Amino acid sequence: MLYSKMFIPTLKEAPADADIVSAKLMIRAGMIRKLASGLYEYLPLGVKVLKKVENIVREELNAAGGQEVIMPLMLPKELWEETGRWNVYGKELFRLKDRKNAEFCLGPTHEEAITDLARREIRSYRQLPVMFHQFTQKFRDEIRPRFGVMRAREFLMSDGYSFHTDEADLEKYYTVIFEAYKRICQRCGFDFRAVEADSGAIGGSFSHEFMVLADTGEEEIACCTCGYGANSQKVACLPIENPAQTPLKLEEINTPHMKTAAEVANFLKVSQKNLIKTIIYVADGVPVAALVSGNHEINELKLQKLLGADNISLANEETVREVTGADVGFAGPVGLKGAKIIADLSVLSISNAAAGANKTDFHLKNLNYGRDYKADQAADIRKAQNGDICPVCKKEKLNFCRGIEIGHTFKLGTKYSNPMKAAYLNAEGKEILSPMGCYGIGVSRILAAIIEQSSDENGIVWTDNVAPFEVEIIPINYAEGKTKQAVDEIYSTLTAGGLDVLIDDRDERAGVKFKDADLIGIPYRITVGEKGLAQGVVEFKRRKDPKEATKLLKPAAAIEEILKIYRRGI
(Lines give C-alpha, C1' and ligand atoms only; values in the text may rest on other atoms or scores of the structure.)
Protein backbone atom coordinates (compact mmCIF):
# COMPACT_ATOMS: atom_id res chain seq x y z
CA MET A 1 0.00 0.00 0.00
CA LEU A 2 1.26 3.46 -0.87
CA TYR A 3 1.06 6.04 1.90
CA SER A 4 -0.08 8.67 -0.61
CA LYS A 5 -3.08 6.52 -1.56
CA MET A 6 -4.21 5.87 2.00
CA PHE A 7 -6.10 8.32 4.21
CA ILE A 8 -3.85 8.80 7.25
CA PRO A 9 -4.49 12.31 8.62
CA THR A 10 -1.80 12.52 11.32
CA LEU A 11 -1.71 15.48 13.72
CA LYS A 12 1.14 17.11 15.61
CA GLU A 13 -1.08 17.82 18.62
CA ALA A 14 -4.09 16.04 20.11
CA PRO A 15 -7.35 17.88 20.90
CA ALA A 16 -7.56 19.37 24.39
CA ASP A 17 -10.40 17.02 25.41
CA ALA A 18 -8.37 13.85 24.72
CA ASP A 19 -7.83 12.77 28.31
CA ILE A 20 -5.57 9.68 28.19
CA VAL A 21 -2.60 8.52 26.14
CA SER A 22 -4.56 6.12 23.93
CA ALA A 23 -7.15 8.74 23.01
CA LYS A 24 -4.45 11.28 22.16
CA LEU A 25 -2.40 8.87 20.07
CA MET A 26 -5.35 7.30 18.23
CA ILE A 27 -6.44 10.77 17.13
CA ARG A 28 -2.92 11.99 16.31
CA ALA A 29 -2.15 8.80 14.35
CA GLY A 30 -5.23 9.31 12.18
CA MET A 31 -7.02 6.21 13.48
CA ILE A 32 -10.18 7.86 14.81
CA ARG A 33 -12.09 11.12 14.86
CA LYS A 34 -14.70 12.22 17.40
CA LEU A 35 -18.22 12.75 16.05
CA ALA A 36 -19.94 13.56 19.35
CA SER A 37 -19.49 12.78 23.03
CA GLY A 38 -18.68 9.07 23.27
CA LEU A 39 -19.11 8.50 19.52
CA TYR A 40 -16.09 7.90 17.26
CA GLU A 41 -15.46 7.40 13.56
CA TYR A 42 -12.84 4.77 12.71
CA LEU A 43 -10.61 5.83 9.84
CA PRO A 44 -8.80 3.34 7.53
CA LEU A 45 -5.78 2.85 9.80
CA GLY A 46 -8.03 2.27 12.83
CA VAL A 47 -10.21 -0.16 10.88
CA LYS A 48 -7.17 -2.23 9.91
CA VAL A 49 -6.18 -2.68 13.56
CA LEU A 50 -9.78 -3.28 14.60
CA LYS A 51 -10.15 -6.07 12.02
CA LYS A 52 -6.88 -7.72 13.05
CA VAL A 53 -7.99 -7.82 16.68
CA GLU A 54 -11.41 -9.07 15.62
CA ASN A 55 -9.81 -11.88 13.61
CA ILE A 56 -7.68 -12.97 16.59
CA VAL A 57 -10.81 -13.17 18.74
CA ARG A 58 -12.76 -14.95 16.00
CA GLU A 59 -10.04 -17.57 15.44
CA GLU A 60 -9.81 -18.41 19.14
CA LEU A 61 -13.57 -18.56 19.71
CA ASN A 62 -14.12 -20.70 16.60
CA ALA A 63 -11.31 -23.00 17.74
CA ALA A 64 -13.14 -23.29 21.08
CA GLY A 65 -16.24 -24.54 19.29
CA GLY A 66 -18.04 -21.23 18.87
CA GLN A 67 -20.38 -20.58 15.94
CA GLU A 68 -20.71 -17.03 14.67
CA VAL A 69 -24.11 -15.34 14.38
CA ILE A 70 -25.32 -11.76 13.97
CA MET A 71 -28.12 -10.53 16.21
CA PRO A 72 -30.18 -7.35 15.69
CA LEU A 73 -28.85 -4.20 17.36
CA MET A 74 -32.40 -3.08 18.20
CA LEU A 75 -34.07 -5.34 20.76
CA PRO A 76 -37.77 -5.50 21.68
CA LYS A 77 -38.88 -4.38 25.14
CA GLU A 78 -40.90 -7.56 25.65
CA LEU A 79 -37.82 -9.77 25.85
CA TRP A 80 -36.21 -7.51 28.46
CA GLU A 81 -39.43 -7.50 30.48
CA GLU A 82 -39.32 -11.29 30.67
CA THR A 83 -36.03 -11.14 32.60
CA GLY A 84 -36.99 -8.01 34.56
CA ARG A 85 -34.09 -6.01 33.19
CA TRP A 86 -36.15 -3.41 31.33
CA ASN A 87 -36.90 -1.59 34.57
CA VAL A 88 -33.71 -2.32 36.52
CA TYR A 89 -30.95 -1.89 33.92
CA GLY A 90 -30.88 1.86 34.49
CA LYS A 91 -30.35 5.01 32.48
CA GLU A 92 -27.44 3.48 30.51
CA LEU A 93 -30.04 1.69 28.37
CA PHE A 94 -30.83 3.55 25.14
CA ARG A 95 -34.63 3.27 24.69
CA LEU A 96 -36.60 4.16 21.56
CA LYS A 97 -39.98 3.68 19.87
CA ASP A 98 -40.86 2.82 16.29
CA ARG A 99 -43.64 4.42 14.23
CA LYS A 100 -46.16 1.99 15.74
CA ASN A 101 -45.14 3.14 19.22
CA ALA A 102 -43.57 -0.24 20.01
CA GLU A 103 -40.66 0.09 22.45
CA PHE A 104 -37.11 -1.13 21.82
CA CYS A 105 -33.62 -0.65 23.18
CA LEU A 106 -30.25 -0.49 21.48
CA GLY A 107 -28.46 -3.59 22.75
CA PRO A 108 -25.82 -3.08 25.42
CA THR A 109 -25.66 -6.87 25.64
CA HIS A 110 -27.66 -9.72 24.08
CA GLU A 111 -28.58 -12.28 26.77
CA GLU A 112 -32.32 -11.94 26.15
CA ALA A 113 -32.05 -12.12 22.35
CA ILE A 114 -29.79 -15.17 22.31
CA THR A 115 -31.88 -16.97 24.95
CA ASP A 116 -34.98 -16.32 22.87
CA LEU A 117 -33.22 -17.89 19.88
CA ALA A 118 -32.22 -20.90 21.96
CA ARG A 119 -35.70 -21.54 23.35
CA ARG A 120 -37.16 -21.46 19.84
CA GLU A 121 -34.55 -23.64 18.17
CA ILE A 122 -32.95 -25.97 20.74
CA ARG A 123 -35.25 -28.88 21.56
CA SER A 124 -33.03 -31.84 22.45
CA TYR A 125 -30.00 -32.66 24.56
CA ARG A 126 -28.43 -33.87 21.30
CA GLN A 127 -28.07 -30.20 20.24
CA LEU A 128 -26.05 -29.33 23.34
CA PRO A 129 -23.61 -27.96 24.21
CA VAL A 130 -23.61 -25.06 21.77
CA MET A 131 -21.96 -21.65 21.80
CA PHE A 132 -23.00 -18.73 19.64
CA HIS A 133 -20.84 -15.63 19.32
CA GLN A 134 -21.00 -12.39 17.38
CA PHE A 135 -19.20 -9.11 16.65
CA THR A 136 -21.57 -6.17 16.92
CA GLN A 137 -21.80 -2.56 17.98
CA LYS A 138 -23.03 -2.14 21.56
CA PHE A 139 -24.69 0.94 23.02
CA ARG A 140 -24.54 2.26 26.57
CA ASP A 141 -25.63 5.76 27.52
CA GLU A 142 -22.64 6.54 29.71
CA ILE A 143 -23.31 9.39 32.11
CA ARG A 144 -19.87 10.80 31.34
CA PRO A 145 -18.16 9.30 28.30
CA ARG A 146 -14.41 9.60 28.67
CA PHE A 147 -11.05 8.01 27.90
CA GLY A 148 -11.66 7.96 24.14
CA VAL A 149 -12.92 4.60 22.88
CA MET A 150 -12.29 3.08 26.31
CA ARG A 151 -15.59 4.34 27.73
CA ALA A 152 -17.66 5.30 24.73
CA ARG A 153 -21.40 5.20 24.13
CA GLU A 154 -21.02 2.99 21.07
CA PHE A 155 -18.33 0.32 20.79
CA LEU A 156 -17.46 -2.92 19.02
CA MET A 157 -17.72 -6.01 21.18
CA SER A 158 -17.45 -9.75 20.82
CA ASP A 159 -20.09 -11.46 22.92
CA GLY A 160 -20.64 -15.19 23.18
CA TYR A 161 -23.31 -17.30 24.88
CA SER A 162 -23.20 -21.02 25.56
CA PHE A 163 -26.00 -23.44 26.43
CA HIS A 164 -25.47 -26.72 28.28
CA THR A 165 -27.18 -29.83 29.57
CA ASP A 166 -26.10 -29.26 33.17
CA GLU A 167 -23.82 -27.24 35.45
CA ALA A 168 -20.97 -29.75 35.08
CA ASP A 169 -20.98 -29.29 31.31
CA LEU A 170 -21.04 -25.49 31.78
CA GLU A 171 -18.11 -25.71 34.19
CA LYS A 172 -16.13 -27.74 31.67
CA TYR A 173 -16.81 -25.36 28.80
CA TYR A 174 -16.18 -22.27 30.94
CA THR A 175 -12.60 -23.51 31.33
CA VAL A 176 -12.29 -23.87 27.54
CA ILE A 177 -13.36 -20.25 26.98
CA PHE A 178 -11.21 -19.07 29.88
CA GLU A 179 -8.16 -20.54 28.15
CA ALA A 180 -9.25 -19.07 24.80
CA TYR A 181 -9.43 -15.61 26.36
CA LYS A 182 -5.96 -16.07 27.80
CA ARG A 183 -4.66 -16.91 24.31
CA ILE A 184 -6.36 -13.82 22.89
CA CYS A 185 -4.59 -11.67 25.47
CA GLN A 186 -1.26 -13.36 24.73
CA ARG A 187 -1.65 -12.91 20.97
CA CYS A 188 -2.41 -9.22 21.49
CA GLY A 189 0.85 -8.95 23.43
CA PHE A 190 -0.70 -8.02 26.78
CA ASP A 191 0.76 -8.15 30.26
CA PHE A 192 -2.52 -9.19 31.88
CA ARG A 193 -4.20 -10.93 34.80
CA ALA A 194 -7.41 -12.96 34.87
CA VAL A 195 -9.08 -12.16 38.19
CA GLU A 196 -12.26 -13.06 40.02
CA ALA A 197 -14.90 -10.37 39.66
CA ASP A 198 -18.43 -9.33 40.50
CA SER A 199 -21.02 -10.28 37.88
CA GLY A 200 -22.78 -6.89 37.99
CA ALA A 201 -25.85 -6.29 35.84
CA ILE A 202 -25.20 -9.43 33.76
CA GLY A 203 -25.71 -11.66 36.80
CA GLY A 204 -24.69 -15.24 37.43
CA SER A 205 -22.83 -17.09 40.14
CA PHE A 206 -19.21 -16.58 39.12
CA SER A 207 -17.14 -14.49 36.74
CA HIS A 208 -13.61 -13.46 35.77
CA GLU A 209 -12.31 -10.19 34.41
CA PHE A 210 -9.35 -10.13 32.04
CA MET A 211 -7.35 -7.10 33.11
CA VAL A 212 -4.56 -5.45 31.14
CA LEU A 213 -2.09 -3.99 33.61
CA ALA A 214 -1.75 -0.24 33.15
CA ASP A 215 -1.36 2.74 35.48
CA THR A 216 -4.29 4.41 33.70
CA GLY A 217 -6.63 1.50 34.44
CA GLU A 218 -9.97 2.33 36.01
CA GLU A 219 -10.06 -0.85 38.07
CA GLU A 220 -7.92 -1.84 41.04
CA ILE A 221 -6.97 -5.49 41.24
CA ALA A 222 -5.32 -7.57 43.93
CA CYS A 223 -2.94 -10.43 43.17
CA CYS A 224 -0.93 -12.95 45.16
CA THR A 225 2.17 -14.92 44.27
CA CYS A 226 0.13 -18.08 44.92
CA GLY A 227 -1.86 -17.34 41.73
CA TYR A 228 -4.95 -15.78 43.30
CA GLY A 229 -6.28 -12.59 41.74
CA ALA A 230 -9.48 -10.59 42.10
CA ASN A 231 -11.00 -7.23 41.43
CA SER A 232 -10.50 -5.23 44.64
CA GLN A 233 -14.29 -5.02 45.02
CA LYS A 234 -14.45 -8.83 45.01
CA VAL A 235 -11.50 -9.66 47.30
CA ALA A 236 -12.50 -11.61 50.38
CA CYS A 237 -10.93 -10.04 53.48
CA LEU A 238 -9.77 -12.28 56.30
CA PRO A 239 -10.88 -11.08 59.75
CA ILE A 240 -8.22 -9.24 61.71
CA GLU A 241 -7.88 -10.50 65.28
CA ASN A 242 -7.17 -7.56 67.55
CA PRO A 243 -5.36 -8.24 70.85
CA ALA A 244 -7.74 -8.71 73.77
CA GLN A 245 -7.73 -6.10 76.55
CA THR A 246 -9.36 -5.89 79.95
CA PRO A 247 -12.75 -4.19 79.40
CA LEU A 248 -12.85 -0.66 80.80
CA LYS A 249 -15.82 1.41 81.95
CA LEU A 250 -17.88 2.96 79.16
CA GLU A 251 -17.36 6.72 78.95
CA GLU A 252 -19.09 9.52 77.06
CA ILE A 253 -16.69 12.20 75.81
CA ASN A 254 -17.52 15.63 74.41
CA THR A 255 -16.04 15.87 70.89
CA PRO A 256 -17.31 19.18 69.47
CA HIS A 257 -17.42 19.37 65.65
CA MET A 258 -15.23 16.27 65.30
CA LYS A 259 -16.79 13.96 62.75
CA THR A 260 -14.01 12.19 60.80
CA ALA A 261 -12.12 9.16 62.07
CA ALA A 262 -8.84 11.09 61.91
CA GLU A 263 -10.22 14.00 63.94
CA VAL A 264 -11.76 11.78 66.61
CA ALA A 265 -8.70 9.52 66.89
CA ASN A 266 -6.42 12.51 67.30
CA PHE A 267 -8.67 14.11 69.93
CA LEU A 268 -9.14 10.91 71.94
CA LYS A 269 -5.47 9.95 71.49
CA VAL A 270 -6.31 6.50 70.14
CA SER A 271 -5.39 4.65 66.97
CA GLN A 272 -7.88 4.70 64.11
CA LYS A 273 -7.75 0.90 64.31
CA ASN A 274 -9.49 1.25 67.66
CA LEU A 275 -12.39 3.29 66.27
CA ILE A 276 -15.68 1.90 65.05
CA LYS A 277 -17.12 3.82 62.11
CA THR A 278 -20.90 3.53 61.87
CA ILE A 279 -22.19 4.34 58.38
CA ILE A 280 -25.94 4.62 57.82
CA TYR A 281 -27.21 3.29 54.49
CA VAL A 282 -30.63 2.83 52.94
CA ALA A 283 -31.05 -0.57 51.27
CA ASP A 284 -34.25 -0.87 49.23
CA GLY A 285 -35.77 1.87 51.39
CA VAL A 286 -34.76 0.33 54.75
CA PRO A 287 -32.08 1.93 57.01
CA VAL A 288 -29.00 -0.20 57.74
CA ALA A 289 -26.04 0.59 60.00
CA ALA A 290 -22.71 -0.79 58.75
CA LEU A 291 -19.81 -1.03 61.22
CA VAL A 292 -16.16 -1.06 60.21
CA SER A 293 -12.92 -0.18 61.99
CA GLY A 294 -11.61 3.36 61.61
CA ASN A 295 -8.76 2.39 59.29
CA HIS A 296 -11.01 0.47 56.89
CA GLU A 297 -13.73 1.40 54.38
CA ILE A 298 -17.09 -0.20 53.68
CA ASN A 299 -17.29 -2.25 50.50
CA GLU A 300 -20.78 -1.27 49.35
CA LEU A 301 -20.91 -4.08 46.81
CA LYS A 302 -20.31 -6.70 49.51
CA LEU A 303 -22.89 -5.03 51.76
CA GLN A 304 -25.47 -4.91 48.98
CA LYS A 305 -24.98 -8.59 48.13
CA LEU A 306 -25.12 -9.58 51.79
CA LEU A 307 -28.45 -7.79 52.17
CA GLY A 308 -29.76 -9.06 48.83
CA ALA A 309 -30.73 -5.49 47.98
CA ASP A 310 -31.43 -4.14 44.50
CA ASN A 311 -30.32 -0.66 45.51
CA ILE A 312 -28.14 0.73 48.28
CA SER A 313 -27.08 4.29 49.00
CA LEU A 314 -25.82 6.48 51.83
CA ALA A 315 -28.65 7.77 54.00
CA ASN A 316 -29.49 11.48 53.81
CA GLU A 317 -29.15 13.75 56.83
CA GLU A 318 -32.82 13.40 57.76
CA THR A 319 -32.66 9.61 57.83
CA VAL A 320 -29.42 9.68 59.84
CA ARG A 321 -31.11 11.88 62.48
CA GLU A 322 -34.12 9.56 62.60
CA VAL A 323 -31.92 6.51 63.16
CA THR A 324 -29.27 7.99 65.45
CA GLY A 325 -30.91 11.03 67.02
CA ALA A 326 -27.78 13.02 66.10
CA ASP A 327 -26.17 14.93 63.25
CA VAL A 328 -24.13 13.15 60.61
CA GLY A 329 -20.72 12.14 61.98
CA PHE A 330 -21.77 10.99 65.45
CA ALA A 331 -23.40 7.62 64.70
CA GLY A 332 -22.47 4.62 66.81
CA PRO A 333 -23.73 1.08 67.48
CA VAL A 334 -25.25 1.85 70.92
CA GLY A 335 -28.89 2.96 70.96
CA LEU A 336 -29.69 2.94 67.24
CA LYS A 337 -33.39 3.14 66.38
CA GLY A 338 -34.90 0.91 63.74
CA ALA A 339 -31.76 0.07 61.81
CA LYS A 340 -30.33 -3.39 61.27
CA ILE A 341 -26.67 -3.51 62.39
CA ILE A 342 -24.18 -5.24 60.10
CA ALA A 343 -20.67 -5.46 61.55
CA ASP A 344 -17.49 -6.28 59.69
CA LEU A 345 -15.85 -9.37 61.18
CA SER A 346 -12.79 -7.40 62.27
CA VAL A 347 -14.90 -5.08 64.44
CA LEU A 348 -15.94 -7.87 66.81
CA SER A 349 -12.48 -8.24 68.38
CA ILE A 350 -11.81 -4.53 68.99
CA SER A 351 -11.49 -4.05 72.75
CA ASN A 352 -12.31 -0.74 74.42
CA ALA A 353 -13.24 0.84 71.13
CA ALA A 354 -14.34 4.42 70.45
CA ALA A 355 -17.47 5.23 68.44
CA GLY A 356 -20.13 7.86 67.99
CA ALA A 357 -22.54 8.27 70.90
CA ASN A 358 -25.61 8.90 68.71
CA LYS A 359 -25.57 12.35 70.28
CA THR A 360 -24.30 15.43 68.45
CA ASP A 361 -20.76 16.41 69.50
CA PHE A 362 -20.26 13.28 71.64
CA HIS A 363 -18.44 9.98 71.28
CA LEU A 364 -18.19 6.89 73.48
CA LYS A 365 -14.98 5.28 74.72
CA ASN A 366 -14.37 1.72 75.85
CA LEU A 367 -17.06 -0.04 73.83
CA ASN A 368 -16.84 -3.83 73.90
CA TYR A 369 -18.77 -6.21 71.72
CA GLY A 370 -21.33 -8.29 73.57
CA ARG A 371 -21.32 -6.05 76.64
CA ASP A 372 -22.25 -2.70 75.09
CA TYR A 373 -23.65 -3.57 71.68
CA LYS A 374 -24.43 -6.47 69.38
CA ALA A 375 -24.75 -6.84 65.63
CA ASP A 376 -27.69 -8.40 63.86
CA GLN A 377 -25.19 -9.93 61.45
CA ALA A 378 -21.39 -10.10 61.22
CA ALA A 379 -19.72 -10.59 57.84
CA ASP A 380 -16.88 -9.47 55.59
CA ILE A 381 -18.09 -6.06 54.39
CA ARG A 382 -14.84 -4.08 54.11
CA LYS A 383 -12.65 -3.09 51.20
CA ALA A 384 -9.35 -4.87 50.73
CA GLN A 385 -6.27 -2.72 51.21
CA ASN A 386 -2.48 -2.83 51.26
CA GLY A 387 -1.17 -5.19 53.92
CA ASP A 388 -4.11 -7.60 53.70
CA ILE A 389 -3.30 -11.31 53.61
CA CYS A 390 -4.31 -13.41 50.62
CA PRO A 391 -7.63 -15.18 51.36
CA VAL A 392 -6.51 -18.30 49.46
CA CYS A 393 -3.01 -19.14 50.64
CA LYS A 394 -3.52 -17.18 53.91
CA LYS A 395 0.21 -16.43 54.05
CA GLU A 396 1.33 -13.84 51.52
CA LYS A 397 0.36 -10.19 51.39
CA LEU A 398 -1.73 -9.07 48.42
CA ASN A 399 -0.20 -6.84 45.76
CA PHE A 400 -2.43 -4.12 44.35
CA CYS A 401 -2.20 -2.60 40.88
CA ARG A 402 -4.48 -1.01 38.30
CA GLY A 403 -5.90 -2.63 35.22
CA ILE A 404 -8.06 -2.07 32.14
CA GLU A 405 -10.85 -4.60 31.78
CA ILE A 406 -10.93 -5.90 28.21
CA GLY A 407 -12.88 -9.13 28.74
CA HIS A 408 -15.33 -10.73 31.17
CA THR A 409 -16.55 -14.33 31.42
CA PHE A 410 -19.65 -15.36 33.39
CA LYS A 411 -21.29 -18.52 34.65
CA LEU A 412 -24.93 -17.49 34.33
CA GLY A 413 -26.57 -20.73 35.38
CA THR A 414 -30.30 -20.44 34.70
CA LYS A 415 -30.59 -16.69 35.38
CA TYR A 416 -31.98 -16.14 31.87
CA SER A 417 -33.13 -19.60 30.82
CA ASN A 418 -35.44 -19.83 33.85
CA PRO A 419 -37.58 -16.70 33.31
CA MET A 420 -37.49 -17.16 29.52
CA LYS A 421 -38.13 -20.92 29.70
CA ALA A 422 -35.16 -21.95 27.57
CA ALA A 423 -35.38 -25.70 28.10
CA TYR A 424 -34.49 -28.92 26.30
CA LEU A 425 -35.70 -32.52 26.50
CA ASN A 426 -33.24 -34.98 28.04
CA ALA A 427 -32.83 -38.64 27.07
CA GLU A 428 -35.87 -39.56 29.21
CA GLY A 429 -38.03 -36.89 27.58
CA LYS A 430 -37.98 -34.64 30.64
CA GLU A 431 -37.86 -30.88 30.15
CA ILE A 432 -34.70 -29.35 31.69
CA LEU A 433 -33.66 -25.70 31.90
CA SER A 434 -30.39 -25.09 30.10
CA PRO A 435 -27.55 -23.54 32.17
CA MET A 436 -25.77 -20.74 30.31
CA GLY A 437 -22.36 -19.14 30.05
CA CYS A 438 -21.69 -15.61 28.81
CA TYR A 439 -18.41 -14.29 27.42
CA GLY A 440 -17.66 -10.72 26.36
CA ILE A 441 -14.53 -9.05 25.07
CA GLY A 442 -14.24 -5.42 24.00
CA VAL A 443 -12.65 -5.35 20.55
CA SER A 444 -12.42 -1.57 20.28
CA ARG A 445 -11.32 -1.34 23.91
CA ILE A 446 -8.44 -3.71 23.16
CA LEU A 447 -6.99 -1.14 20.75
CA ALA A 448 -6.86 1.50 23.47
CA ALA A 449 -5.52 -0.98 26.04
CA ILE A 450 -2.63 -1.98 23.75
CA ILE A 451 -1.66 1.68 23.35
CA GLU A 452 -1.93 2.37 27.09
CA GLN A 453 0.46 -0.50 27.72
CA SER A 454 2.65 -0.09 24.64
CA SER A 455 3.54 3.46 23.64
CA ASP A 456 6.27 6.03 24.22
CA GLU A 457 6.89 9.75 23.83
CA ASN A 458 7.06 9.33 20.03
CA GLY A 459 3.82 7.45 19.52
CA ILE A 460 2.25 4.01 19.41
CA VAL A 461 4.28 0.79 19.63
CA TRP A 462 2.04 -1.85 18.10
CA THR A 463 2.57 -5.50 18.90
CA ASP A 464 3.35 -7.58 15.83
CA ASN A 465 0.01 -9.40 15.59
CA VAL A 466 -2.26 -6.36 15.58
CA ALA A 467 -0.29 -3.63 13.82
CA PRO A 468 -2.06 -2.02 10.83
CA PHE A 469 1.02 -2.90 8.76
CA GLU A 470 3.83 -5.22 9.77
CA VAL A 471 6.49 -3.27 7.86
CA GLU A 472 6.93 0.28 6.64
CA ILE A 473 9.40 0.99 3.85
CA ILE A 474 10.68 4.57 3.80
CA PRO A 475 12.41 5.57 0.59
CA ILE A 476 14.48 8.73 0.96
CA ASN A 477 13.55 9.60 -2.61
CA TYR A 478 11.00 7.25 -4.16
CA ALA A 479 11.21 9.04 -7.52
CA GLU A 480 14.85 8.03 -7.90
CA GLY A 481 15.07 5.02 -10.21
CA LYS A 482 17.37 2.67 -8.26
CA THR A 483 15.65 3.52 -4.98
CA LYS A 484 12.19 2.82 -6.41
CA GLN A 485 13.38 -0.45 -7.92
CA ALA A 486 14.86 -1.62 -4.60
CA VAL A 487 11.76 -0.56 -2.64
CA ASP A 488 9.41 -2.29 -5.07
CA GLU A 489 11.45 -5.51 -4.93
CA ILE A 490 11.45 -5.54 -1.12
CA TYR A 491 7.72 -4.77 -1.12
CA SER A 492 6.91 -7.56 -3.57
CA THR A 493 8.90 -10.15 -1.65
CA LEU A 494 7.41 -9.24 1.72
CA THR A 495 3.82 -9.11 0.46
CA ALA A 496 4.34 -12.45 -1.28
CA GLY A 497 5.34 -13.73 2.17
CA GLY A 498 1.92 -12.72 3.48
CA LEU A 499 2.90 -9.47 5.16
CA ASP A 500 1.04 -6.16 5.09
CA VAL A 501 3.51 -3.47 3.96
CA LEU A 502 3.25 0.32 3.69
CA ILE A 503 5.51 2.36 1.39
CA ASP A 504 5.85 6.01 2.41
CA ASP A 505 6.05 7.40 -1.11
CA ARG A 506 5.21 10.97 -0.09
CA ASP A 507 7.33 13.86 -1.30
CA GLU A 508 8.34 14.78 2.27
CA ARG A 509 11.57 15.19 4.15
CA ALA A 510 12.96 12.03 5.74
CA GLY A 511 12.48 13.51 9.23
CA VAL A 512 8.75 13.98 8.64
CA LYS A 513 8.41 10.40 7.44
CA PHE A 514 10.33 9.05 10.45
CA LYS A 515 8.15 11.03 12.88
CA ASP A 516 4.95 9.75 11.30
CA ALA A 517 6.34 6.21 11.26
CA ASP A 518 7.02 6.39 15.01
CA LEU A 519 3.61 7.95 15.66
CA ILE A 520 1.75 5.25 13.72
CA GLY A 521 3.88 2.61 15.41
CA ILE A 522 4.47 0.04 12.68
CA PRO A 523 6.73 -2.67 14.19
CA TYR A 524 9.51 -2.79 11.56
CA ARG A 525 10.98 -0.09 9.36
CA ILE A 526 13.24 -0.40 6.33
CA THR A 527 14.80 2.81 5.07
CA VAL A 528 16.08 2.80 1.49
CA GLY A 529 18.33 5.56 0.12
CA GLU A 530 20.80 6.14 -2.68
CA LYS A 531 23.83 6.29 -0.38
CA GLY A 532 22.98 3.01 1.33
CA LEU A 533 22.22 1.26 -1.95
CA ALA A 534 25.57 2.39 -3.29
CA GLN A 535 27.09 0.34 -0.45
CA GLY A 536 24.59 -2.49 -0.98
CA VAL A 537 22.67 -1.93 2.29
CA VAL A 538 19.38 -0.64 3.70
CA GLU A 539 18.57 0.49 7.25
CA PHE A 540 16.53 -1.89 9.41
CA LYS A 541 14.94 -0.77 12.69
CA ARG A 542 12.50 -2.19 15.24
CA ARG A 543 9.91 0.22 16.62
CA LYS A 544 9.72 -1.71 19.90
CA ASP A 545 13.08 -0.55 21.19
CA PRO A 546 13.89 3.04 20.15
CA LYS A 547 17.33 2.80 21.80
CA GLU A 548 18.30 -0.19 19.72
CA ALA A 549 20.77 0.82 17.03
CA THR A 550 19.66 0.83 13.41
CA LYS A 551 21.08 -2.16 11.55
CA LEU A 552 22.71 -1.85 8.15
CA LEU A 553 21.72 -4.96 6.21
CA LYS A 554 21.69 -6.14 2.65
CA PRO A 555 18.12 -5.93 1.26
CA ALA A 556 17.83 -9.72 1.16
CA ALA A 557 19.03 -9.98 4.78
CA ALA A 558 16.49 -7.38 5.92
CA ILE A 559 13.73 -9.31 4.18
CA GLU A 560 14.86 -12.60 5.73
CA GLU A 561 15.03 -11.00 9.20
CA ILE A 562 11.39 -9.94 9.00
CA LEU A 563 10.15 -13.19 7.49
CA LYS A 564 11.90 -15.15 10.25
CA ILE A 565 10.16 -13.04 12.89
CA TYR A 566 6.71 -13.68 11.47
CA ARG A 567 7.37 -17.36 10.80
CA ARG A 568 8.16 -17.70 14.52
CA GLY A 569 4.99 -15.79 15.35
CA ILE A 570 6.83 -13.36 17.63
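This is a predicted model: local features need pLDDT of at least 70, side-chain atom pairs count only at pLDDT 80 or more; totals for chains, interfaces and linings use all residues.
View 1. Zoom in on Tyr-524 and Tyr-566, an aromatic pair whose ring centres sit 6.0 Å apart, with 80° between the planes. That angle is over 60°, so the pair counts as edge-to-face.

**View 2. Three rings make a cluster.** Here you can find Phe-178, Tyr-181 and Phe-210, joined up by ring pairs. Searching the whole structure turns up 7 aromatic pairs.

**View 3. Charged ends sit over rings.** Look for Lys-48 first: its charged end sits over the ring of Phe-469, 4.6 Å from the ring's centre. Then find Arg-85, whose charged end sits over the ring of Trp-80, 4.5 Å from the centre of that ring.

**View 4. Helix 2 crosses helix 11.** The axes of helix 2 (residues 44-63) and helix 11 (residues 443-453) come within 9 Å of each other and cross at roughly 110°. So helix 2 is roughly perpendicular to helix 11. Which residues make the contact? From helix 2 it's Gly-46, Val-49, Leu-50, Val-53 and Glu-54, while helix 11 brings Val-443, Ser-444, Ile-446 and Leu-447. Sorted by class, this contact has 6 nonpolar, 2 polar and 1 charged residues.

Conventions: Residues are numbered from 1 along each chain as its sequence is written. Side-chain values use heavy atoms; hydrogens and water are left out. Rings of Phe, Tyr and Trp (its six-membered ring) pair if their centres lie within 6.5 Å; planes under 30 degrees apart count as stacked, over 60 as edge-to-face and the rest as tilted. A charge sits over a ring if NZ of Lys or CZ of Arg is within 6 Å of the ring centre and within 35 degrees of the ring normal. Axes are lines fitted to C-alpha atoms, for helices over the stretch in contact, and angles run from 0 to 180 degrees between N-to-C directions. Helices (H or I, at least four residues) and strands (E, at least two) are DSSP runs, numbered from the N terminus. Angles under 35 degrees count as roughly parallel, over 145 as roughly antiparallel, 65 to 115 as roughly perpendicular and the rest as oblique. Contact means heavy atoms within 4.5 Å. Ala, Val, Leu, Ile, Met, Phe, Trp, Tyr, Cys and Pro count as nonpolar, Asp, Glu, Lys and Arg as charged, and the others, Gly among them, as polar.
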